[in-house]
Amino acid sequence: MPAQHNDGVELAKSPVKVQPPPLYKVLLLNDDFTPMEFVIIVLQQFFGMDHEQANRVMLKVHIEGKGVCGVFAKDVAATKVSQVMDFARQHQHPLQCVMEEN
């Protein structure tokens, strides 16, 4: 049913289709210098993983060269990447964390 405004003009209601925001994967990249235990700490502290899950992701990073830490909205993913990179630098590790569209 058309909506009527005070000026007598009728406007047809059109359904509004809202698309969900694109999601981004946050990935850790393997290097030869960051200790495996440090990677596990990062996964637990910044991605809320338990020790077993963090160990699985750490091994995937070690063996395959990269591993997914989580999938988030763009702003959240960018914040996670920044937090991990800052934390790694504070502890003098070359750990790399990146995001890519899911």
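1. Let's start at Gln-92, found in the loop between H3 and S5. Most residues other than glycine have a negative phi. With a relative accessibility of 73%, Gln-92 counts as exposed; the cut-offs are under 20% relative accessible area for buried, over 50% for exposed, and partly exposed in between (1.4 Å probe, protein chains only).

2. A word on the model before going on. It is predicted, so to speak of a local feature requires pLDDT of at least 70 and side-chain atom pairs count only at pLDDT 80 or more, while totals for chains, interfaces and linings use all residues. Residues are numbered from 1 along each chain as its sequence is written, and side-chain values use heavy atoms, with hydrogens and water left out.

3. Now follow H3 itself, which covers residues 74–90. Which residues of H3 are buried? They are Ala-77, Lys-80, Val-81, Val-84, Met-85, Phe-87 and Ala-88. Viewed down the axis of H3, these buried residues fall within an arc of 165°, so they line one face of the helix. That arc is taken from the directions from the helix axis to the C-beta atoms. On the face turned away from the buried side sit the exposed residues Asp-75 and Gln-90.

4. What covers the buried residues of H3? The cover includes strand S3 (23–29), helix H1 (36–47), strand S4 (66–73) and strand S5 (96–101), where contact means heavy atoms within 4.5 Å.

5. Three strands make an open sheet in the order S4-S3-S5, with antiparallel pairing. Two strands pair if DSSP finds at least two bridges between them. S4 and S5 are the edge strands, each pairing on one side only. Neighbouring strands of this sheet are turned by 25° against each other on average, direction ignored. Axes are lines fitted to C-alpha atoms, for helices over the stretch in contact, and angles run from 0 to 180 degrees between N-to-C directions.

6. The pairings can be followed residue by residue. S3 and S4 are joined in the antiparallel sense over seven bridges, and Tyr-24 stands opposite Phe-72 in S4. Helix H2 (residues 51–64) packs on the sheet and touches S3 and S4, its direction making about 125° with that of S4. H3 also packs on the sheet, touching S3, S4 and S5, and its direction makes about 170° with that of S5. S3 and S5 run antiparallel and are joined by six bridges; Leu-27 has Val-98 in S5 as its bridge partner.

7. H1 is worth a look next. Its twelve residues should span 16 Å at 1.5 Å a residue, and its end C-alpha atoms are 16 Å apart, which agrees. Phe-38, Val-39, Ile-40, Val-42, Leu-43, Phe-46 and Phe-47 are its buried residues, and they pack against S3, H2, S4 and H3. Just after H1, Gly-48 takes a positive phi of about 65°.

8. Phe-47, in helix H1, is buried with a relative accessible area of 13%. Leaving out residues up to four places away in sequence, Phe-47 touches Val-26, Val-42, Cys-69, Phe-72, Lys-80 and Val-84. Val-84, leaving aside its neighbours within four places in sequence, is in contact with Leu-28, Val-42, Phe-46, Phe-47, Leu-95 and Cys-97.

Methods: Helices (H or I, at least four residues) and strands (E, at least two) are DSSP runs, numbered from the N terminus. The expected span of a helix is 1.5 Å times one less than its number of residues.
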